[in-house]
Amino acid sequence: MTVNTQELLLSRIRDVADYPKPGVMFKDITPLLADPAAFTALTDALSEFCVRNGATKIVGLEARGFILAAPVAVRAGLGFIPVRKAGKLPGATLSQAYELEYGTAEIEVHAEDLSAGDRVVVIDDVLATGGTAEASLELVRRAGADVAGVVVLMELGFLGGRPRLEPSLAGAPLEALITL
């Protein structure tokens, strides 16, 4: 990814102070999604990561990860697999609970959508504390697939997600297009 692409993406991310609660600076990607040139540049950069790392399937994490991962899957000619919050998928699922700052959450994937031989890239908008990404890697492996990598639009480095995720990556690459 070029410096110009990174600057374009960053210029389309809006800071929203005190959202969703006082003291939080929310990074709003909707202006980026609304700009066709920026959204195309983002899709191209994410797709390039998937191709470079030999992905055969792409997992998108609910909810903004869906928005990013689906066009990447189309661009790269790969299958798209949604990882959803518990109770949102019909049929047989694999589920994984994980720790949040104040409590726990659970994500699910359709068990039959991933199998041995699949090389999966996980895509999300933000890497924050790493809990959701870590749980998604566990789901991918429990389904019998291999982790080809994780790629995110932005990493909030001050929240420590990368060090938390490193053991779960087991050598697979983690790339953030923007690190804040």
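The side chains of Arg14 and Asp28 meet in a salt bridge, with N and O 2.3 Å apart. A salt bridge here is a side-chain nitrogen of Lys or Arg within 4 Å of a carboxyl oxygen of Asp or Glu. The pair links distant parts of the chain: Arg14 sits in strand E1 (residues 14-17) and Asp28 in strand E2, 14 residues apart. Helices (H or I, at least four residues) and strands (E, at least two) are DSSP runs, numbered from the N terminus. Arg14 is partly exposed, at 44% relative accessible area. Asp28 is buried, at 9%. Buried means under 20% relative accessible area, exposed over 50%, and partly exposed in between (1.4 Å probe, protein chains only).

The model is predicted: local features need pLDDT of at least 70, side-chain atom pairs count only at pLDDT 80 or more, and totals for chains, interfaces and linings use all residues. Residues are numbered from 1 along each chain as its sequence is written, and side-chain values use heavy atoms, leaving out hydrogens and water.

The salt-bridge count comes to 11. Glu134 pairs with Arg164, their closest N and O atoms 3.0 Å apart. Glu134 lies in helix H5 and Arg164 in helix H6 (residues 161-169), so the bridge ties together parts 30 residues apart in sequence. Glu134 is partly exposed, at 25%. Arg164 is also partly exposed, at 28%. Another bridge joins Arg162 to Glu155, with closest N and O atoms 2.7 Å apart. Arg162 is partly exposed, at 27%, whereas Glu155 is buried, at 6%. Glu48, Arg52 and Glu175 form a network of salt bridges.

Helix H5 spans residues 131-142. Its 12 residues reach 17 Å from first C-alpha to last, close to the expected 16 Å. That expected span is 1.5 Å times one less than the number of residues. Buried positions in H5 are Gly131, Ala133, Ala135, Ser136, Leu137, Leu139 and Val140. Just after H5, Gly144 takes a positive phi of about 100°.

The largest pocket holds about 1,400 Å³ of space. A pocket is an open set of points on a 1 Å grid over the protein atoms alone, where a 1.4 Å probe fits, with protein on both sides within 12 Å along at least five of seven lines; lining residues have an atom within 4 Å of a point. The lining has 41 residues, with Arg64, Val126, Ala128, Thr129 and Leu159 nearest the centre. Strand E7 (119-127) and H5 are among the elements that each supply at least two lining residues. E7 gives the largest share, 6 residues.

Technical notes
Grid points are joined across faces, edges and corners, and a volume is the space filled by probe spheres set on the points.
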